[in-house]
2 protein chains.
Amino acid sequence: MTQLTQVSAWKSFGGTLSVYDHESPLLGCTMRFAVYVPPQAAHGPVPVLWYLSGLTCTWANMMEKSGVQEHAARHGLIIIAPDTSPRGEHVPNDDAYDLGQGAGFYLTATQEPWAKNYKMDQYITDELPALIAANVPSADMSRQGIFGHSMGGHGAITLHLKNQGTYKSCSAFSPITSPCRVPWGEKAFTAYLGPLSVAWEQYDATELVKERQSKALILIDTGTADSFLETQLKPEIFIKACEKDGQRLDYRLREGYGHDYYFIATFMDEHIAHHAKALKG
Amino acid sequence: MTQLTQVSAWKSFGGTLSVYDHESPLLGCTMRFAVYVPPQAAHGPVPVLWYLSGLTCTWANMMEKSGVQEHAARHGLIIIAPDTSPRGEHVPNDDAYDLGQGAGFYLTATQEPWAKNYKMDQYITDELPALIAANVPSADMSRQGIFGHSMGGHGAITLHLKNQGTYKSCSAFSPITSPCRVPWGEKAFTAYLGPLSVAWEQYDATELVKERQSKALILIDTGTADSFLETQLKPEIFIKACEKDGQRLDYRLREGYGHDYYFIATFMDEHIAHHAKALKG
């Protein structure tokens, strides 16, 4: 069994936020993630909520800036924040912020030079959960939810739709909704998956929802002042697909908010309550 | 009148967080600060609460990591986070993290090379409030409070004790309590003020409280796992002085918490409530 090496730990809202490193045989590199364990975990297993970050981010953005601990401590949820890609000097990279390290897009790359290391969907759904199950005894792996931001909001929706038995709840802040149809996605999918093909559809939330609606109510918040709203996020594409194909969706456009963690922090309480209701109800 | 140049603005918890640059004739450099204006400010003047950061920090640490906006929005307080020193390539500096830029100690330096620029107490109490009064119409300058962290927690206590008519409420996270008696303070005061003398006492909270008790209840939170507790903070010195000299003090030692913003965020709600009660009661 792969070991976890503790990098840091802090007490926060009565619980503990820990950062760990571990060797990832799947990704071929050392990976770092953070886990917040709420005070309720001292008394028995609690649900697990995964948070997938956006382009350029690590575990730190959400744990430092979203205020999630306050709400996780109130509702009694473990929060896990993985990194957004494989990392390391030997891991293929690109100078652009939206490709390579920090931009894994939660998929399994088939193209060179990415195919060896870039398997973030498998990392999130298989390798890291096994480590959590083995090392965090208070994690109730039968009650898991998933959410995220931007690239990670899209990742959360796709992993939820493809693994509905695993992730019983889903929400997103400012998600990309159809990478096949926007510049960020077209660039990354071309690099990781090759020219446009049916292979792209399995990683596109709007395509997936046509085939694999979930029973869950998906909650999404996006700000009207988000500078990526009209070019990269395009919520109307996903809203239409959900309406047409019978996916329950609570899509909220928030007047005046941006793409940042001040926006995320403002509505974090509602997202945590959404997951707590589904995972503890 | 000096002009403010807006650097950034974000909507947050119904209010607006803005970052501004301005020329500081007093400090001889360009200064940057942040101000959070809560939603209540749309309906009339609201109290102003100043937050002084610790060593190495800027406006960003508290605005990004403390979760203050949630509580300021609930209670209706403007929050202002200044920088911790003068800044710029032409401003004297030191390679150490605890002297020079990022380490202004909220005092007026008398020694070279610091004397020209390092006047952070005057900046906080005079120059910046005048800019706020002129540029933030919803700021009720007749109702101001002050708090801070570490070096800034100490700064908040000293500026409160010396300006009781200005700052009607005071609190601190993990403050230095007597810089005359700890390595951080001895190093900085020697550099900024020269060898130990009576000049040091006017900037030492424990010395000040012997002469200038305030009518306010000073609230302080410090974590027992704070790695600076026994070497730099030494709360027992200040607690004894307050007991002896009749300063009302609510000093809370928090089991297991550190010197970090996870600790600050955990107890931010209580500090904001403390100030709101004093400023709005």
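**Exercise 1. Determine the area buried between chain B and chain A, and the share given by carbon and sulfur atoms.**

Solution. The area buried between the two chains is about 1,700 Å², where buried area is the accessible area (1.4 Å probe) that two parts lose on being put together, summed over both. Carbon and sulfur atoms give 54% of this area. The model is predicted: local features need pLDDT of at least 70, side-chain atom pairs count only at pLDDT 80 or more, and totals for chains, interfaces and linings use all residues. Residues are numbered from 1 along each chain as its sequence is written, chains are lettered from A and ligands numbered from 1 in the order in which they are written, and side-chain values use heavy atoms, with hydrogens and water left out.

**Exercise 2. State how many residues of chain B and chain A are in contact, and how many salt bridges the rule finds across the interface.**

Solution. Contact is defined by heavy atoms within 4.5 Å. On this basis, 21 residues of chain B touch 21 residues of chain A. A salt bridge requires a side-chain nitrogen of Lys or Arg within 4 Å of a carboxyl oxygen of Asp or Glu. The rule finds two across the interface. A salt bridge links A:Lys65 with B:Glu64, with 3.7 Å between the closest N and O atoms.

**Exercise 3. Describe the packing of helix α2 of chain B against helix α10 of chain B.**

Solution. Helices (H or I, at least four residues) and strands (E, at least two) are DSSP runs, numbered from the N terminus. Axes are lines fitted to C-alpha atoms, for helices over the stretch in contact, and angles run from 0 to 180 degrees between N-to-C directions. Helix α2 (residues 68–75) and helix α10 (residues 261–280) of chain B pack at about 30°, with axes 9 Å apart. The pair is therefore roughly parallel, a class for angles under 35 degrees. Among the residues that meet are B:Val68 and B:His71 in α2(B), and B:Met268 and B:Ile272 in α10(B). By class, the contact has six nonpolar, two polar and three charged residues.

Key. Parallel < 35°, antiparallel > 145°, perpendicular 65-115°, else oblique. Nonpolar A, V, L, I, M, F, W, Y, C, P; charged D, E, K, R; others polar.
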